[in-house]
Structure formats: structure tokens, C-alpha cells
Amino acid sequence: MRKGVIGTSLPRKEDVPLLTGAARFAGDVQRPGMLHAHILRSPFAHARLLSLNAGPALELPGVHAVLTQEDLPPAARAIPMRMFAQQDLEGYLQPPLAGGVVRYSGEPVAMVVADSRYEAEDAAELVEVDYSELPVVLRPDEALEEEAPRLHTGPNRAGGFRIEFGDVDRAFAEAHLVVEERLEVGRHAAVPLETRGLVAEVDELTGMLVVYGAAKIPHVNRRILARLLDRPEERIRLVELNVGGGFGARGEFYPEDFLIPFCALRLRRPVAWVEDREEHMRACNHSREQVHDVAIALAKDGRFLALRDRFLNNTGAYIRTHGLVVPGMTAALLPGPYRWSAYRCDASQVVTNKTPAGTYRAPGRYEANFVRERLIDVAAHRLRLDPVELRRRNLIARDDMPYPTGTHTDGHPVVYDSGDYALLLEKGLARFGWEEMRRWRDSAPHRGIGVGFFVEKSGIARWEYARVEVTNRGETHVYSGGASLGQGLETVLAQVAADTLGVRYDDVSVFHGDTATIPDGMGAFGSRAATLGGSAVLRGATRLRERLLELAADELEIAPEDLDLVDDAVIARGAPATRVSLSALFELARPARALGSNTQPGLSEEAYFLSEDMTFPYGLHCAAVEIDAETGGVAIERYTVAYDLGRAINPQLVEGQVVGGAAQGVAGALLEELAYDEGGQLVAGSFMDYLLPTAGEAPFVDVLITEDAPTSRNPLGAKGAGEGGTAAAGAAIANAVADALAAEPTRLPITPERVLTLAREGAR
Amino acid sequence: MKPPQFEYDDPSSIEETLTLLTQYGEDAKILAGGQSLVPLLNFRLARPDRLIDINNVRELDYLRVEDGMLRIGALTRHSALERSSELGERVPLLRDAVRLVGHVQIRNRGTVGGSVAHADPAAELPVALTALSARFHARSSRGSRLLRADELFVTHLTTALEPDELLTEIEVPLPAPGTRHGFVEFSRRHGDFALGGAAVLLESGPDGSCRHAAIALLAAASTPLRASGAEQFLVGQRFNERVAAEAAERAVGDINPTGDIHGSSNYRRGLVKAMVRRALVQADSGAKEAA
Amino acid sequence: MTRREVSIEINGEVFERTVEPRLLLSDFIRHEARLTGTHVGCEHGVCGACTVQLDGEPVRSCLLFAVQATGHSIRTVEAMAALDGTLHPLQQAFHETHALQCGFCTPGFLMTLEPFVRDAEPAQLDDRTIRSALAGNLCRCTGYQNIVTAVKLAAERTHA
């Protein structure tokens with residue numbers, strides 16, 4: 001019996017180059033004659049750009065160009081949306097360089113190109129720009145007021161929508177209890193350790209425009225770049241190198257993704273740009289900032305009757321590539337794992353003078369889970385019911401699956417595919433040691449325990465591409481339309497290919513992210529790379545295996561069903577000495593021979609996988625915290641995530657995703673906040689003030705992976721693993737703090753000072 | 001985030017350094033460990049015309065005890081303090097403080113003199129040295145002088161050193177045998193500058209009552225601050241929780257810390273109070289361990 | 001600005017260049033010596049990605065100027081594995097325990113932890129001490145948990 005490799009924790013294929021310093025990231029690229037770009041950014045949050053004089057900068061030795069909006073072609077006026085696009089949002093799109101008005105501090109105004117980055121920064125200081133400051137609006141609720149400064153031609157409510165089912169007003173009118181709160185999530189961001197970086201050059205021999213440093217969605221971005229440059233897609237090659245983390249933010253099409261290639265074309269020299277940390281904090285997508293006015297209607301027995309929400313998503317100064325993704329996800333998944341007879345959600349996408357926002361790991365759901373789970377705890381406190389028991393009474397039952405929630409995203413109805421929420425709840429509580437931690441909580445003051453239940457979604461944008469090949473050396477090459485931001489894509493796809501074909505894991509190599517060798521692809525976002533990418537590989541590998549067996553059958557004159565593929569050869573079942581190696585099959589499949597025998601030449605199978613719908617993994621976060629009543633410090637005593645994702649292709653990698661995701665989610669609840677001052681300057685704009693957690697703050701996270709509810713929406717049965725670790729962390733931490741203080745936190749992050757304020761004023 | 005242009009000198013003696021300072025003082029910055037200065041240069045928030053790098057001035061790198069005094073050369077690295085067993089035995093307050101400075105990479109490079117001259121009121125060493133009544137040697141071509149902490153630290157990131165002066169040595173009177181100490185701080189994140197803290201020294205008489213107390217506050221004002229009112233209150237008292245709480249209350253009586261996004265002035269005031277109380281308790285419990 | 005001649009030993013090889021005094025050591029290592037395993041994550045001394053060893057001790061190379069490294073010896077991640085490719089025990093432990101994801105921060109961790117693992121008393125190797133030793137390096141992917149495990153594994157093997 002051959003041991004399957006799907007489901008085992010094989011060590012990663014990616015590791016060795018990363019451990020030895022041999023890996024290449026965008027900032028490591030060095031090309032002959034390469035120039036260095038630096039972006040001059042607006043120091044003001046809102047101002048009219050009166051004049052710009054690049055003369056003095058151009059006089060500095062080593063300076064090659066200063067680009068301003070006037071240099072840009074008409075096709076490049078605005079960066080388009082790629083997801084959840086809506087026509088009425090088009091007046092809010094960002095230009096690659098600002099024209100008459102700057103709308104956030106950090107907005108690109110000009111680009112300086114010089115022999116070195118040092119010189120480019122020197123020159124940028126000499127560009128003379130005259131601004132006339134305009135009034136600033138930073139809060140989304142204030143942006144909607146009548147007298148608020150307007151950012152664009154259209155209203156500050158750039159877009160929005162309503163999702164509704166059932167008779168909400170009647171449910172509220174007849175409810176035993178209505179609980180209503182204003183709940184807010186602070187602005188924070190993905191902040192990968194590697195900043196963004198791009199190197200663009202025109203290959204002088206072929207005329208091909210090559211861009212190194214692609215990430216997340218190389219093919220999608222090639223399409224956008226082609227459109228902005230008015231250049232055929234096949235004359236542009238995007239190349240993904242090692243990528244130092246993404247979490248939703250890196251890899252979207254930003255102003256620089258146009259400016260650097262444009263400049264390389266114009267100067268006919270390689271141009272490099274490596275974002276520095278100060279720019280990253282102001283330039284790369286922010287996320288999470290929402291204000292909810294939310295209410296829940298309950299029956300006397302604690303049954304949930306209706307949920308009603310009106311929320312504002314602060315999307316910053318412009319609509320970027322994500323369109324309405326974030327509020328769309330919040331509204332679609334706010335109902336969570338519970339039954340509701342009625343639901344109404346009014347979502348608004350609001351522009352303000354802050355850095356534009358987009359997705360960050362569990363986008364829209366981190367916020368939604370905090371809002372819903374926090375409100376449920378408040379309701380439980382009012383009903384004098386155990387918060388866990390209140391949840392238990394309202395969970396969707398396993399027998400109700402598949403469950404149409406009544407909501408929709410981007411025009412698709414949200415139908416939960418599978419799940420046993422009650423089982424997961426009990427397993428998660430047992431793993432956490434709920435009863436033990438209750439005693440711990442009761443044995444000293446200022447201790448609290450809390451949970452957050454979540455339903456995630458995975459596999460958005462439902463297709464992916466793969467090509468599986470056997471090489472002349474008998475090894476397997478997999479080409480995927482997916483992308484890697486460091487999560488282990490190569491390992492997981494190699495496992496799927498090895499398992500499906502029957503070859504050795506070590507003999508499989510995985511390639512991705514190069515548009516020259518991969519014709520199309522979607523990429524890595526929304527926990528899709530392993531599930532959709534893996535399903536495409538599975539499909540391609542299945543077909544390739546059939547062909548290999550047929551080819552061997554002809555050669556060995558044995559029926560295909562009596563053959564097996566083991567490691568590097570096709571063998572006769574029961575007579576392993578009768579065999580033909582994969583490298584021999586490769587020779588048999590060369591065109592001259594294959595065409596002569598009327599078979600398909602080459603050992604390569606392309607496959608597209610199209611999922612019928614998204615899948616919906618789910619889970620539970622449990623937190624136990626102890627509060628220092630003098631400092632407001634929150635110490636995490638225990639943290640558990642129980643997560644059902646149908647099938648774990650590599651359990652060690654899945655656990656890594658959950659632990660790392662939880663560290664981010666917990667940090668969003670306690671540490672990280674992109675604070676602005678009244679003038680619209682980002683105050684937390686460095687690593688000294690934007691508090692990424694160190695090993696001293698990140699909690700130990702105990703992970704329970706369950707596989708009780710595989711999906712039928714893909715052949716692997718797998719649901720995405722990337723976001724559940726983050727999804728309900730804010731909810732669990734806030735509920736544990738609420739329990740410890742007998743108070744109701746209504747805003748994330750819960751800073752030490754807010755803890756003390758809650759302790760003093762908030763006692764319920 | 002690349003530093004602006006500057007001229008660079010790397011003298012190898014104090015005399016050479018003083019000559020350069022006389023010549024360029026107004027336009028020059030001393031580069032010691034660089035753990036605070038280089039970030040400011042990279043952000044282009046500091047733009048001196050010239051850096052005078054004293055890392056090759058080996059005569060400034062020493063740690064020795066003589067005449068009842070611990071003498072620390074200004075170029076002594078934090079890690080050297082951390083590793084010194086003599087320091088641990090004779091001035092354990094300083095050892096406890098230096099362990100809380102940043103992270104290992106910072107302590108390997110950062111210097112005692114650099115930390116003092118940077119004069120960040122949230123830094124550990126200036127506060128510990130203030131509690132220890134340390135004195136600071138400054139030299140220039142014009143001569144030398146000795147400053148107390150309250151003379152040296154003028155305000156946030158500002159000392160009384162003249163542009164042509166070099167901080168050369170910190171002298172710390174050795175605490176009397178039996179002196180107990182406490183150093184406590186609170187930061188939102190491991191290794192960060194603290195939001196509040198306190199350094200405490202307690203010396204008891206034969207009857208167990210307090211004979212001498214020193215309390216220095218971290219991030220309570222624009223400089224490290226001695227809480228003299230609380231110190232006087234403690235003298236003659238027998239230690240208990242109530243006394244500690246009262247002393248802490250007095251220590252923050254008229255402080256007005258600067259607030260920021262991590263905590264308002266009011267929050268920080270309460271925090272410093274808690275830190276003083278805890279530092280006193282820590283000092284007291286240390287005595288009990290030793291007993 | 002007066003350029004200076006520098007002579008810096010990196011991983012046993014001497015690099016002689018004429019550079020601006022403002023050139024950061026991190027940029028010298030990456031762009032002049034072409035050793036791009038040393039990464040730059042913040043350039044203000046917080047993230048630790050650029051950690052290298054200066055005369056054997058971990059330091060942040062973004063807070064040093066190349067001119068300051070003249071006459072000193074620098075060790076970077078490229079020097080850790082044996083010439084035949086055999087991983088250093090700490091690298092091997094990172095690999096086995098899944099202590100890296102995107103790997104961008106990893107060289108900095110390795111440079112910080114190599115002396116720690118070498119010198120650590122077995123009694124020091126509780127989670128708290130290890131986490132404190134790691135706290136000067138930021139990782140955004142792993143939540144640090146498997147890095148702690150890797151340190152324990154490497155120390156066990158080193159001191160076995």
C-alpha cells in the first residue's frame with residue numbers, strides 16, 4: 001500500500017533557500033544600468049496642488065527624471081476596480097499621481113528617478129510644490145454630515161447597499177428584549193514584514209516589458225497594467241519572486257504598479273522601487289475601520305429573532321481595486337452561524353482623508369464577528385444567560401445544511417455548504433477546558449473568559465488554472481495560476497500532485513507567478529490558493545495519470561486497469577519488474593513518435609477548475625485573560641482556536657496559518673491602531689508607534705483542527721485555511737475582557753487606557 | 001528612508017574628539033551606539049552636517065570600581081553592563097535597568113553615554129542613574145566639569161552639554177551595603193520605551209525603619225525626575241503596603257506627563273504611581289529574600 | 001561629501017570599496033557585497049530583519065554605517081550552512097518545526113538566535129526566556145510559536 005501524502009505534515013519545499021539566504025525577493029533584484037525611484041508624497045491630508053517645480057531636483061547630479069501627472073498618458077487617469085466593482089464608484093478611483101487635489105497624507109505627487117535611492121531621496125527634497133490646504137474629514141460618520149468637506153465630485157458616501165430578508169420591523173416590535181449598541185473597529189493593516197517592491201525593465205532583445213515583484217494576482221495585474229499602458233497583455237511579463245507576506249494588502253494594483261513599468265518604458269532603463277517602511281504605512285492599503293449601529297431582537301427564551309445593522313466602512317480617500325469587497329463581506333457574513341428570521345443591513349462605503357483601505361485577512365469578517373459576537377454577549381448579560389448557552393440555542397443545525405442564509409455577496413447567494421456547528425462548539429470548549437477556565441476565572445479578580453464563533457468563506461473568484469507535466473527526467477512539474485505570499489503553496493500543490501499521480505513528493509516541483517510560463521490564473525486571496533489551486537492540480541494530475549497509464553499500456557501491452565504508477569515508473573500490478581519509467585514514457589510521447597501513432601504528443605495536461613460556489617469553514621476562538629487593574633495590561637492566559645476546514649492537506653501548515661492568523665487578530669484587538677491626528681497625519685506611522693506584536697505579546701495558541709464537515713464543492717473536500725485564525729480573535733478577546741471587567745467594551749483595540757476607563761466607568 | 005549627506009570623522013582619542021568638537025561643534029553630532037541617532041537620520045529628522053563617530057575612542061570604554069565609586073566610560077555598551085558580575089553585585093539597580101533596555105541587538109551596540117546624552121525621559125538608564133545620584137563628566141578643550149542629573153537633563157532630548165563638550169564618564173556612588181532596590185516599568189510591547197516606570201533605592205537603619213530613600217520617575221516629565229517629597233516622607237517610616245501607597249501618591253503629586261496615542265497624561269500619571277508602589281514593594285521584598 | 005575607503009570582512013571575504021559615509025551597512029551588505037540574505041524591513045531599528053553579527057554579536061545593520069564596519073568582521077545568514085549545503089542545526093530545526101512561512105524575517109532571527117542557542121544554559125530554555133530573546137525580531141506570519149519550538153529543538157541537539 002502506498003502511503004498518501006495528502007493529509008500529512010511534510011516539510012516545506014520552500015524552506016531551504018529562505019533559510020540560507022539564497023531566496024530572492026523583489027528588493028534583491030539588480031539589473032545592469034538599473035535606476036532607483038522614489039515617490040514624493042503629499043505631506044497634507046487634503047490640499048489643492050497649486051504648482052510643482054521639478055527644476056532644482058533635475059539639476060542634482062545622478063537624477064534622470066521627475067515624473068508628474070502631466071507626464072501620464074490619458075489611459076492612466078485612474079486605477080480600475082477588479083472586484084465588487086460598481087459603476088457609480090468610478091468617480092472615486094485613484095490616479096497614479098495626484099492631479100489638482102491631494103486627498104490623503106502620503107498620496108503620490110511625483111516620482112524621482114536617480115542613480116541611487118539615496119540620491120533620489122535627496123532630489124525629492126528639492127522638488128518645489130505649492131499646496132493650499134483644504135479642510136479635512138477623518139471619521140466616516142462626520143464625513144456624512146451636511147457641512148463636511150467633500151473629497152470628490154460625488155457625495156462622501158461613495159456607495160452602499162442593503163441586504164434584507166424577513167420582517168425586521170415586526171420582529172423588533174414583538175421582541176422580548178432588544179439590545180442595541182454602537183460598536184467600532186479601529187483602523188489597522190496587514191503590514192507584511194517585506195515592504196512592496198518592483199523592478200521593471202524592457203528586455204532589449206525582445207522588447208518585452210518585464211516586471212519583477214508581482215504578487216498575489218500576477219495575471220489580473222498584467223491585465224490592468226496592459227490597459228493603463230495601452231499595450232498588449234502578451235507584451236508584458238510579470239514575475240513573482242519570493243514574497244514576504246501579503247495578508248490581503250500586498251499584490252493589489254497600486255499607483256506604483258503603474259509608475260515603475262511606465263518609467264522603465266519611458267527611460268528604456270531598468271527601474272527599481274523598494275517601498276520603505278515609512279511609505280508603506282501611509283501608502284499600502286489600510287483596513288478594518290468600521291462603525292456599526294447594530295441591534296438584536298430576542299425572544300424570552302433567548303431565541304434570536306432579528307438582526308439589524310447600519311454600518312459605515314471608512315475606505316479612506318479613494319476606492320481602490322477592491323471596490324465594495326469589505327463592506328460586502330461584512331454584510332453577507334454578519335449573520336454568522338445562527339438562525340435568524342429577519343435581517344437587515346445597510347452598508348455604506350465612505351470616503352475620508354485617510355490612506356485608502358482594502359482587504360486584510362478575514363476582511364469584513366473580523367469586523368462582523370466582533371460586532372455580532374460582542375452583541376450576543378451583551379444580550380446574554382441582559383438576559384442573565386450564559387453566553388455560550390445563548391449561542392448553543394441559536395446555532396444552525398447540521399441537518400439544515402446546505403443552508404441558504406438569505407444574504408448574498410457580489411450577486412451570489414450565500415449558501416453554507418456543510419457544517420456541524422454544535423459539535424464544533426462542544427469540541428472547542430472541551431479543548432479549551434471551559435469548565436477548568438471558569439474555575440480559574442472565579443478564583444481571582446479581573447479574570448475573564450470569552451468566545452467568538454465564526455463562519456468563514458473561502459474560494460472567492462471561483463476558478464483556477466493548473467498544468468501538470470512529466471519532464472524528460474521523469475520528474476513532475478506543476479504550473480499553477482495561484483500565487484504564494486509565503487503560505488506554503490508549493491508544498492501543498494506538490495502534495496496534491498504527488499498523491500494524485502502516485503509520484504514521489506520530492507520529485508515534484510511547483511512553479512507559479514510567471515505570466516510567461518503560465519497562460520492564466522487568478523492568484524492567492526480569500527483562502528483560495530490551496531482549495532481552488534489544489535483542485536485544478538488534482539484535475540490536471542488525474543488526466544495526466546490516465547494518459548501515462550494508457551501510454552504505458554500500449555508499451556507494455558497490459559490493460560491500463562492492471563497498471564499502477566509508483567514513484568518514477570508505471571508498473572504492472574503484482575509484477576513490479578514489468579515496468580516503464582516516466583522518462584521513457586516522455587520519450588514515447590515526443591511529437592515525432594506520438595503523432596506517428598496517432599496519440600497526443602507531450603506529457604502535459606492543462607486544467608481549469610471552476611467551483612460551483614464558495615465553501616464555508618467555521619470555528620471557535622476561546623480566550624482567557626487576566627487584567628492588571630493598575631496598568632490596564634491584558635495578559636492572555638489561554639487561547640484556543642477550533643477550526644473545521646473539511647480536510648487539511650498539510651496539518652502542520654494549517655496550524656501555522658491559524659497560529660499566525662490569531663497573532664494578527666489578537667494584536668488588532670489589543671495593540672495595533674493606525675491613529676491619526678486632527679490634521680490627518682498618521683501618528684502611528686512607524687514601527688515605534690504601530691505596535692506589531694513581538695514574541696512577548698503574541699499568545700501561545702492551541703489549535704484544534706477538525707474535519708467533520710468536508711465540502712462537496714471541490715474534489716479535495718477542503719475549505720480554506722488562511723483566515724479562520726484571525727476571524728473571531730477580536731470577538732473572543734473583547735468578550736473575555738468584558739467578562740473580566742463586568743463591563744462592555746464597544747471598540748477595538750482595547751488599549752490599556754481603555755481597559756482602565758472601562759473598569760472605572762463601564763461596570764454593568 | 002536613507003540618511004541625508006554628512007561629513008564623517010572617526011577620531012581615536014578623546015583629545016582628537018575635543019579638537020573636532022571645538023572646530024565643528026555647532027554643526028556636528030556625536031555618533032556613539034547610534035541606536036537612537038541613526039533612526040532619526042534615516043527618517044531625515046536629524047540632519048547634522050557632520051558626524052563625529054567615537055566608536056574608536058577606546059579609552060572611553062571601561063567599567064571599574066574605585067574609591068567607593070563605579071566609573072563607567074561613556075562608550076561602554078549596554079551589554080557590557082549586563083554581563084558585568086561586579087556591577088550585578090555592587091549596583092544591582094543598574095543591572096536590572098539595563099536588562100530592560102530594548103533588545104539584545106540594541107544592547108550590543110547602544111552605549112551608556114549615548115543613552116544619557118540622548119536624554120529620553122522614557123529611557124531606563126538615565127532614570128536609574130538619577131536614582132543612584134550619579135554624576136556626569138563633561139570635557140571640552142576649555143576644560144572639564146561635573147554635573148548632577150538635575151543639572152544635565154534639561155528637557156526632552158536635551159542636555160546641558162555645550163556643543164563643544166563630550167560626555168566622557170558617569171560616576172555612580174556605590175550604594176551602602178544592605179541597600180535594596182526596585183526597578184519597574186510598563187510598556188505596551190516588550191522592549192519598547194515604557195509608558196511609565198520607577199527606580200527605587202531603600203536603605204534601612206538598624207531598627208528597620210527607612211534611613212534613606214531615592215525614587216526616580218520614568219516618563220513622568222520632560223526629564224528623569226526625583227520624587228523628593230516621597231523620599232522625605234519615607235525616611236523614618238517602617239515599610240508596609242500603606243506606606244508604599246502613600247509614597248507613590250506623593251511621588252506623582254505634581255507631575256504632568258506628556259500624553260500621546262499610547263496613553264493620556266492622566267493615564268500615565270496613574271501608571272507612574274503604580275510603578276512607584278511596585279518598585280517600593282519590589283525593593284522591600286528583595287530585602288526579605290536577602291534576610 | 002567626502003567618500004571613504006572601507007575594507008570590511010564579511011563571512012571571511014574582504015570587501016574593499018569607496019563609499020559615502022552615509023551608506024548604511026545593510027545596503028553595503030546587500031548591494032556592494034551582493035549578500036541579499038540580509039533583509040531590510042523597517043530601517044529604523046525595530047523589526048530586526050537586518051540583524052547580522054558584528055564581531056560575533058547580533059546587531060541591527062540598518063543602524064550602522066558601512067564606514068563603521070571597517071576593520072570588523074561581519075557574519076550573515078549566508079555563512080551558516082556548510083559548504084556542502086548541510087543546514088546549521090538551527091536552520092534544520094526551523095525547517096522541521098515549520099518556524100518560517102514567508103521567510104523574510106528568518107535570516108534576522110537566525111542571526112539573533114545562533115549565539116543564544118550556543119550559549120544558552122539548558123535551564124534558561126523556558127518559553128518566557130526564549131520569547132524574550134526573540135522579541136527584538138518581528139515576524140508577521142508565524143505568531144512565533146514554532147520559532148520557540150525550533151529554538152528548543154536546536155538547543156537540545158547542540159547541547160546533547
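This is a predicted model: local features need pLDDT of at least 70, side-chain atom pairs count only at pLDDT 80 or more; totals for chains, interfaces and linings use all residues.

Author: Residues are numbered from 1 along each chain as its sequence is written, and chains are lettered from A and ligands numbered from 1 in the order in which they are written.

Reader: Which helix gives the largest share of the side of chain A that touches chain C?

Author: Two residues are in contact if their C-beta atoms, placed from the backbone, lie within 7 Å. By that rule the contact draws 44 residues from chain A and 44 residues from chain C. On the side of chain A, α1 (15–20) and α18 (651–670) each supply at least two residues; helices here are DSSP runs of H or I with at least four residues, strands are runs of E with at least two, and both are numbered from the N terminus. The largest share, seven residues, belongs to α18(A).

Reader: Is α18(A) largely enclosed or open?

Author: A residue is buried if 20 or more other C-beta atoms lie within 10 Å of its own, exposed if 12 or fewer, and partly exposed in between, with C-beta atoms placed from the backbone. In α18(A), 18 of the 20 residues are buried, so the rest of the structure leaves this helix largely enclosed.

Reader: How many charged residues are on the side of chain A that touches chain B?

Author: This contact takes 21 residues from chain A and 14 residues from chain B. Helices α3 (117–124), α8 (277–283) and α21 (752–761) of chain A each give two or more residues to it. Ala, Val, Leu, Ile, Met, Phe, Trp, Tyr, Cys and Pro count as nonpolar, Asp, Glu, Lys and Arg as charged, and the others, Gly among them, as polar. On the side of chain A there are eight nonpolar and four polar residues, and the charged ones number nine.

Reader: What is the radius of gyration of chain B?

Author: Chain B has 12 helices and 14 strands. Over C-alpha atoms, the globule rule is 2.2 Å times the number of residues to the power 0.38. For 291 residues the rule gives 19 Å, and chain B is close to this, so it is as compact as a globular protein of that length, with a radius of gyration of 19 Å.

Reader: Why does His262(B) count as buried?

Author: His262(B) sits in the loop between α11 (241–251) and α12 (265–290) of chain B. Leaving out residues up to four places away in sequence, it touches Arg188(B) and Leu195(B). His262(B) counts as buried because its C-beta neighbours inside 10 Å number 22.

Reader: How far apart are the end C-alpha atoms of α14(A)?

Author: The expected span of a helix is 1.5 Å times one less than its number of residues. For the 13 residues of α14 (489–501) of chain A this gives 18 Å, which agrees with the end C-alpha atoms, and they are apart by 18 Å.

Reader: Which residue takes a positive phi just after α14(A)?

Author: In α14(A) itself, 13 of its 13 residues are buried. Just after this helix, a positive phi of about 100 degrees is taken by Gly502(A).
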